[in-house]
Amino acid sequence: MKKHQLKLYNTLTRAKELFEPLKPPYVGMYVCGPTVYSDVHLGNCRTFTSFDIVYRYLTHLGYKVRYVRNITDVGHLVGDADEGEDKIGKKAKLENLEPMEIVQRYTNGFHFVMQQLNNTPPSIEPTATGHIVEQLEMTQQIINNGYGYVANGSVYFDVKKYAEKYEYGKLSGRVLDELLAGQRELDGQEEKRNKEDFALWKNALPTHLMRWKSPWGDGFPGWHLECSVMSMKYLGERFDIHGGGMDLKFPHHECEVAQSVGAYGTEAVKYWLHTNMLTVNGQRMGKSVGNSILPAELFTGNHALLEQPYSPMTLRFFMLQTHYRGTMDITNDALKAAQKGYLKMMNGLKNAKELQANQATFTFATSDDKLKTEVQELIAAVYEGMDDDFNTAMAIAGLFNLLKKINTLHTQQQTIATWDKESFDTLLATYISFVEDVLGLREEGLTDLAAVLNVLLGLYQEAKHNKNYEQVDKLRTSMKSLGIVVKDMKTGIGWAYDEV
Ligand code: AMP
Ligand code: ZN
């Protein structure tokens with residue numbers, strides 16, 4: 001494994017820390033996935049793409065990462081607290097569908113978007129409904145330890161009792177006394193001892209669709225519990241990284257900390273990572289805010305705020321241009337700049353691959369220490385960016401410096417003779433692997449065969465019009481090699497698939 005001083009910002013300690021996994025070379029990472037009751041918006045995509053970068057870079061460094069990202073398919077209530085309808089159940093009633101139909105539809109949509117953005121699928125993608133038994137067990141464990149109590153068929157976490165021994169609020173920086181002092185009426189939450197108590201298990205009203213049997217009656221799990229249960233089931237009682245958007249710090253992640261300590265006496269997570277929000281006109285993009293832009297709207301340009309369509313890789317590049325902890329405002333100008341940057345990076349990739357493919361035809365200099373040092377320094381700057389809390393903005397700036405060298409080698413191939421083979425090889429290999437494997441950028445736009453075909457047919461028509469039959473034959477043969485036959489019809493030129 002390469003020696004690296006990877007530092008990451010840990011929300012828990014509010015400091016950049018050296019990354020030291022609990023059991024190298026293994027790394028366990030859990031990321032809160034989507035609640036699948038609607039299409040993911042660009043804000044959600046930002047968070048998932050940020051953690052894809054974390055996963056990709058750790059893998060690049062040689063770590064064996066088990067990446068768990070869940071699907072929330074039950075327990076997340078409207079309003080993000082303990083009252084109100086289940087988000088999925090509500091949508092199911094509205095559309096007169098099974099809750100699991102809603103879950104399946106939006107899970108499929110989510111997967112499709114992740115593929116468009118070239119985000120690596122997680123190693124395990126567990127669902128909350130698939131882990132009811134484990135959630136019942138953990139609830140019982142918390143009750144046994146004295147931190148959970150039963151009220152009217154629901155089970156709540158006793159935050160005040162917990163705070164007698166442990167620090168509730170250590171992750172989010174909230175102060176329990178202040179939270180409790182601000183206690184208004186329990187407004188419909190009378191069964192709780194204190195307003196800050198949160199549900200581990202909720203009693204299901206007769207109208208509630210998703211329900212399971214439990215020792216406390218029919219009900220469903222609380223939202224925070226699933227992430228504690230599924231992270232520890234697959235990564236152990238203590239694991240390396242837990243991530244999510246910063247809006248999840250409180251109460252979701254604070255409650256997770258309390259649950260694992262309340263059940264097992266240990267904090268599960270070593271490093272807590274939180275991404276900053278994607279904003280529109282300075283306001284957080286959110287479904288409840290009503291300012292969502294969906295990936296499909298961006299890719300088609302079909303949205304009031306958009307002047308044109310932007311491709312998935314333009315979006316990815318746009319996101320990577322900002323560090324994950326910085327705010328990011330989406331504007332047409334920023335997206336257009338990102339499109340340029342992305343295409344520049346892809347031209348570099350094309351040049352690098354061509355140079356690599358043709359290397360046998362070049363003559364190299366024996367060795368050049370000055371050049372070697374220069375190339376190594378340029379490469380080190382790229383790694384320094386990523387080692388500094390996954391700073392993709394810095395890494396991209398560094399890659400553009402590599403790109404300058406690559407483009408010069410490509411346009412002025414006589415200069416290759418002044419390069420030693422090792423510097424040439426590392427320059428190209430680093431650029432290619434960073435762009436493709438670490439940043440996850442891929443070429444796009446070369447797949448629209450219909451558009452290319454139209455251009456060829458246009459040339460064919462022109463050649464025919466000019467009675468240039470040699471050219472006509474050439475174009476016919478070229479298209480046949482692509483499996484296309486040209487049709488000369490009375491009504492004009494057409495084409496068909498070559499059936500032979
Ligand atoms: P949800 O489906 O609402 O639970 O959200 C899924 C993930 O997207 C969570 O990690 C959220 O923190 C994150 N998220 C939601 N809105 C935004 C936003 N505007 N910018 C970045 N991340 C977001
Ligand atoms: Zn979660």
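Reader: Does Pro-24 count as buried or exposed, and at what relative accessibility?

Author: This is a predicted model, and in it Pro-24 has a relative accessibility of 54%, which is why Pro-24 counts as exposed, the cut-off for that word being over 50%. Pro-24 belongs to the loop between β2 (15-18) and β3 (26-31). In space, the C-alpha of Pro-24 lies 9.9 Å from the C-alpha of Gly-62, although 38 residues separate Pro-24 and Gly-62 in sequence.

The model holds 20 aromatic pairs. In one of them, the ring centres of Tyr-147 and Tyr-162 are 5.9 Å apart and the planes meet at 80°, so the pair is edge-to-face. Because Tyr-147 sits in the loop between α4 (132-144) and β5 (148-151), while Tyr-162 sits in helix α5 (residues 159-165), this pair ties together parts that are 15 residues apart in sequence. Tyr-147 and Tyr-162 are both buried. Another pair, formed by Tyr-149 and Tyr-156, is tilted, with 6.0 Å from centre to centre and 40° between the planes, and here too both residues are buried.

Tyr-147 and Tyr-162 also belong to a cluster linked by ring pairs, whose other members are Phe-157, Tyr-166, Tyr-168 and Phe-198. Charged side chains meet rings as well: Lys-161 lies over the face of Tyr-147, at 5.6 Å from the ring centre, and Arg-325 lies over the face of Tyr-9, at 4.1 Å from the ring centre.

Terms used: Residues are numbered from 1 along each chain as its sequence is written. Chains are lettered from A and ligands numbered from 1 in the order in which they are written. This is a predicted model: local features need pLDDT of at least 70, side-chain atom pairs count only at pLDDT 80 or more; totals for chains, interfaces and linings use all residues. Side-chain values use heavy atoms; hydrogens and water are left out. Rings of Phe, Tyr and Trp (its six-membered ring) pair if their centres lie within 6.5 Å; planes under 30 degrees apart count as stacked, over 60 as edge-to-face and the rest as tilted. Helices (H or I, at least four residues) and strands (E, at least two) are DSSP runs, numbered from the N terminus. Buried means under 20% relative accessible area, exposed over 50%, partly exposed in between (1.4 Å probe, protein chains only). A charge sits over a ring if NZ of Lys or CZ of Arg is within 6 Å of the ring centre and within 35 degrees of the ring normal.
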